[in-house]
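Welcome! Please take a look at the sequence and the structure below, and then we can walk through some features together.

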Amino acid sequence: MSRAAERLKIVLNHLDRSPLCVRNSSTSTQQVVYSQPHALRYTFDNDILSTEQRLSYEENGFLVIKGLVSEGDINRFRVAFERICRGEVKIPGLIVMRDVSIAKSEFIPDQKAISKLQDFQEETELFRYCALPQILKYVECFTGPNIMAMHTMLINKPPDTGKMTSRHPMHQDLHYFPFRPADRIVCSWTAMEKINRQNGCLVVLPGSHHGTLREHDYPEWEGGVNKMYHGIRDYNTNHPRVHLEMEKGDTVFFHPLLIHGSGMNQTQGFRKAISCHYASADCYYIDVSKTSQENIALEVKAIAEKKYGGGFITFEDTWAIRGRLVQGERTNM
Ligand SMILES: CCCC(=O)SCCNC(=O)CCNC(=O)[C@H](O)C(C)(C)COP(=O)(O)OP(=O)(O)OC[C@H]1O[C@@H](n2cnc3c(N)ncnc32)[C@H](O)[C@@H]1OP(=O)(O)O
Ligand SMILES: Nc1ncnc2c1ncn2[C@@H]1O[C@H](COP(=O)(O)OP(=O)(O)OP(=O)(O)O)[C@@H](O)[C@H]1O
Ligand SMILES: O=C(O)CCC(=O)C(=O)O
Ligand SMILES: [Fe+2]
Ligand SMILES: [Mg+2]
């Protein structure tokens with residue numbers, strides 16, 4: 001444990017961390033107010049995370065929980081994915097993405113042609129992932145009790161074709177989100193098989209969530225870059241990196257300002273992970289025009305207009321339509 005973490009632990013042990021019970025005057029029901037000692041801004045104490053786990057997330061911006069999702073559930077997600085790849089089901093709103101290196105070649109209805117599913121909130125079997133009780137129990141530590149599933153993905157990182165397009169550039173997920181506060185947003189990302197450096201594991205810069213949202217744009221990669229895969233133009237390449245090697249079912253929770261990416265898939269297999277970005281339903285939308293997020297907002301809007309037509313869809317709308325309540329009350333989002 002680092003010096004800073006040791007200091008935080010001492011502070012924490014001197015604070016009263018028991019949940020406060022207060023009377024809500026308008027409804028006269030009892031509400032648990034999650035105690036959040038001043039020293040800890042990223043997590044709530046609801047008796048799920050150990051002190052070490054809380055301090056680790058506060059310090060590093062991510063937390064890996066081993067074996068969180070069962071083999072049985074992952075196999076079911078895989079079956080649902082394969083049905084979609086074979087074109088057997090049509091799911092409203094689902095985006096089926098192909099790797100840029102094969103985007104212009106003939107379509108074969110097979111998982112080999114698909115690099116990612118996005119927005120599976122209407123696919124019952126895959127969306128079960130977002131509501132798994134053991135996932136939500138951890139998510140609540142970061143978002144609080146009212147939880148929205150905002151963004152869903154199943155990433156099927158293909159074997160690299162030699163153009164290095166299977167890489168995901170280093171980025172902060174908050175770049176894509178027009179809602180705040182950042183600390184009440186978290187990603188859960190579950191390995192659907194053994195994921196290591198060979199097949200392109202996640203790479204994170206621990207502690208980078210303490211920084212601010214950086215400017216993102218397409219990296220200047222010779223072999224091309226996938227649509228919307230923006231990267232931070234000049235992140236500090238001397239910052240320590242951690243390669244997150246994970247087993248099937250292991251899950252990482254990470255902060256939306258954590259700088260992360262993933263490497264090339266140097267194997268012949270399709271590296272699979274399923275993920276969901278959650279936000280507190282108490283979050284609020286912000287106007288990203290004239291901010292560093294304007295470039296991605298314009299791209300998303302252009303795709304939405306091509307898909308649905310008209311000029312009436314705002315960046316905020318594209319999120320409000322996709323968001324689903326998975327716990328508590330839909331208070332604001
Ligand atoms: C925390 C959040 C982090 C992130 O979300 S990071 C990544 C975000 N990614 C996304 O949001 C996925 C975006 N992808 C999409 O919307 C669609 O897959 C995309 C790119 C519009 C393609 O839509 P389709 O319906 O498949 O249309 P299509 O096959 O007719 O292609 C239309 C034009 O797009 C091109 N395209 C397809 N896949 C691509 C790719 N991977 N990279 C770059 N360009 C790609 C395709 O060549 C075609 O171009 P053109 O119009 O013929 O010049
Ligand atoms: N030339 C580059 N410019 C910008 N980002 C890069 C570059 N090369 C790799 N990255 C990014 O760094 C992250 C890690 O990639 P990669 O796994 O190749 O790293 P690595 O440290 O070289 O690991 P390995 O040695 O296992 O290949 C990914 O997000 C990747 O997109
Ligand atoms: O699974 C991966 O390679 C990382 C994907 C990712 O970070 C993202 O889509 O935001
Ligand atoms: Fe990401
Ligand atoms: Mg490398």
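Leaving out neighbours within four places in sequence, Gly 261 touches His 168, Pro 169, Met 170, His 171, Cys 201, Leu 202 and Val 203; contact here means heavy atoms within 4.5 Å. This is a predicted model, in which local features need pLDDT of at least 70 and side-chain atom pairs count only at pLDDT 80 or more, while totals for chains, interfaces and linings use all residues. Residues are numbered from 1 along each chain as its sequence is written, chains are lettered from A and ligands numbered from 1 in the order in which they are written, and side-chain values use heavy atoms, with hydrogens and water left out.

**Around Gly 261**

- Gly 261 lies in strand S15; strands (E, at least two residues) are DSSP runs, numbered from the N terminus, as are helices (H or I, at least four).
- With a relative accessible area of 1%, Gly 261 is buried (under 20% relative accessible area, with a 1.4 Å probe and protein chains only).
- Gly 200 is 61 residues from Gly 261 in sequence, and their C-alpha atoms are 9.3 Å apart in space.

**The iron ion**

- Which residues hold the iron ion (ligand 4) as protein donors? They are His 171 (NE2), Asp 173 (OD) and His 260 (NE2), lying 2.1 Å from the ion.
- His 171 in strand S7 (residues 168–171) and His 260 in strand S15 (residues 260–262) are 89 residues apart, so this pair links distant parts of the chain.
- Donors are N, O and S atoms within 2.8 Å of the metal (3.2 Å for Na, K and Ca), and sites may look incomplete because water is not among the atoms.
- Both His 171 and His 260 are buried.

**Ligand 3**

- Among the residues surrounding ligand 3 are Met 153, Ile 155, Trp 189 and Arg 271, each with a heavy atom within 4 Å of it.
- Polar side-chain atoms of Ser 262 and Asp 173 lie 2.6 Å and 3.2 Å, respectively, from an oxygen atom of ligand 3.
- Taken alone, ligand 3 exposes 290 Å², and the protein buries 94% of that (areas by the Shrake-Rupley method with a 1.4 Å probe).

- Most residues other than glycine have a negative phi, and most peptide bonds are trans.
- Asp 119 has a positive phi, near 65°, and sits in the loop between strand S5 (116–118) and helix H4 (124–127).
- Met 228 also has a positive phi, about 70°, and counts as buried at 17% relative accessibility.
- Arg 180 and Pro 181 are joined by a cis peptide bond, with omega about 5°.

Technical notes: Buried < 20%, exposed > 50% of the residue type's maximum accessible area, 1.4 Å probe, protein only. Polar contact = N/O pair within 3.5 Å; in protein donor to acceptor, adjacent residues only side chain to side chain.
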